[in-house]
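Reader: I am new to this structure and would like a guided tour. Could we go through it step by step?

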Amino acid sequence: MIGGTGIQNPAEATPTAPIRVLLVDDQHLVRVGLRMILETEEGIDVVGEASDGASAVALAAELSPQVICMDVQMPGMDGLEATRRIVASGSSAGILVLTTFNRDDYLFDALKAGASGFVLKNATPESIVEAVQVIARGEALLSPDVTRTVIEHLVSGTERPVGRPAPVPELTDLTDREREVLGLLAAGRSNAEIARELYLGEATVKTHVSKILAKLGLRDRIQAVVFGYENGIVVPGIQPPG
């Protein structure tokens, strides 16, 4: 509205395009259930289904979905390998891994493969819809509990390289403030927590995070957690600056 005259802003009048979703699961009934859950929500359109990883890779290229709901265990190519190939292809789709298995190795492997979120299939319909919406906005979906699991896995040393890794050239492009934000981000802090620790506004932190991801070529903040530990930005047992 402009000045209360009833004139509508043209930008506001433009309908938002529905979120394009690809469902990947080897069980037909699961795909039917997910389709019913998602398509009852206005603004979500299921554009395709795949029953295995190879089909998922092909359909991701053909249909250009914004979000791919990916099962882990499937015959032939599994969801983890399909995720790796879709990410490697340069697809902009966000991948939401859905599984019945609450196992740390699946979680970590999925995130390492390039997934942007991880949800158990026994989650509520509302949670699954919200997850799709979050991923479609280009954000990562990982609860604080899951973030801690990732960090603990990395700290355990099972995924860390031996010795301190060589400096990453891209880090030289970061400002001192961006390095501070990255350290806290890699330690699992939320934007609100980073803002409090560095005495910044949340909008400023969000801007720093966006610049960090762009400069380092990372898909989302979850990849930043992995990056931080793999490259020695956050060292186990040492409190990050802030």
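Author: Glu178 counts as buried, at 4% relative accessibility. Buried means under 20% relative accessible area, exposed over 50%, and partly exposed in between, with a 1.4 Å probe and protein chains only. The model is predicted, so local features need pLDDT of at least 70 and side-chain atom pairs count only at pLDDT 80 or more, while totals for chains, interfaces and linings use all residues. Residues are numbered from 1 along each chain as its sequence is written, and side-chain values use heavy atoms, leaving out hydrogens and water.

Reader: Which side chain meets Glu178 in a salt bridge?

Author: The partner is Lys215, at 2.9 Å from N to O. A salt bridge here is a side-chain nitrogen of Lys or Arg within 4 Å of a carboxyl oxygen of Asp or Glu. Lys215 lies in helix H10 (residues 202–216) and Glu178 in helix H8 (residues 176–186), so the pair ties together parts that are 37 residues apart in sequence. Lys215 is partly exposed, with a relative accessible area of 31%.

Reader: How many salt bridges does the structure hold?

Author: The structure holds 9. One of them joins the side chains of Arg35 and Glu49, 2.8 Å from N to O. This pair links distant parts of the chain, with Arg35 in helix H2 (residues 28–39) and Glu49 in strand S2, 14 residues apart. Arg35 is partly exposed at 26% relative accessibility, and Glu49 is partly exposed at 28%.

Reader: Which residues are linked with Arg35 and Glu49 in a network?

Author: Arg31 and Glu39 belong to that network of salt bridges together with Arg35 and Glu49. Elsewhere, Glu81 forms a salt bridge with Arg84, the closest N and O atoms being 3.1 Å apart. Both lie in helix H4, 3 residues apart, about one turn of the helix.

Reader: Changing topic, how many helices and strands are there?

Author: The chain has 11 helices and 5 strands. Helices (H or I, at least four residues) and strands (E, at least two) are DSSP runs, numbered from the N terminus. Of the 242 residues, 42% count as buried.

Reader: And which residues touch the most other members of the largest nonpolar core?

Author: They are Leu22, Val24, Ile68, Met70 and Val97, in a core of 25 residues. Such a core is a set of buried Ala, Val, Leu, Ile, Met, Phe, Trp, Tyr and Cys residues joined through side-chain atoms within 4.5 Å. The elements giving two or more residues to this core are strand S1 (19–24), helix H3 (53–63), strand S3 (67–70), helix H4 (79–88), strand S4 (94–99) and helix H5 (104–113). Not counting residues up to four places away in sequence, Ile68 touches Leu22, Val24, Ala60, Ile86, Ala93, Gly94, Ile95 and Leu96, where contact means heavy atoms within 4.5 Å.

Reader: What about H3: which of its residues are buried?

Author: The buried residues of H3 are Gly53, Ala56, Leu59, Ala60 and Leu63. They cover an arc of only 120° around the axis, which puts them on the same side of H3. The arc is that of the directions from the helix axis to the C-beta atoms. Their cover includes S1, strand S2 (44–50), S3 and H4.

Reader: Which exposed residues does the face turned away carry?

Author: That face of H3 carries Ala61 and Glu62.

Reader: And what caps the N-terminal end of H3?

Author: Asp52 does, with a side-chain oxygen 3.1 Å from the backbone nitrogen of Ala54. Just after H3, Ser64 takes a positive phi of about 50°.

Methods: Polar contact = N/O pair within 3.5 Å; in protein donor to acceptor, adjacent residues only side chain to side chain.
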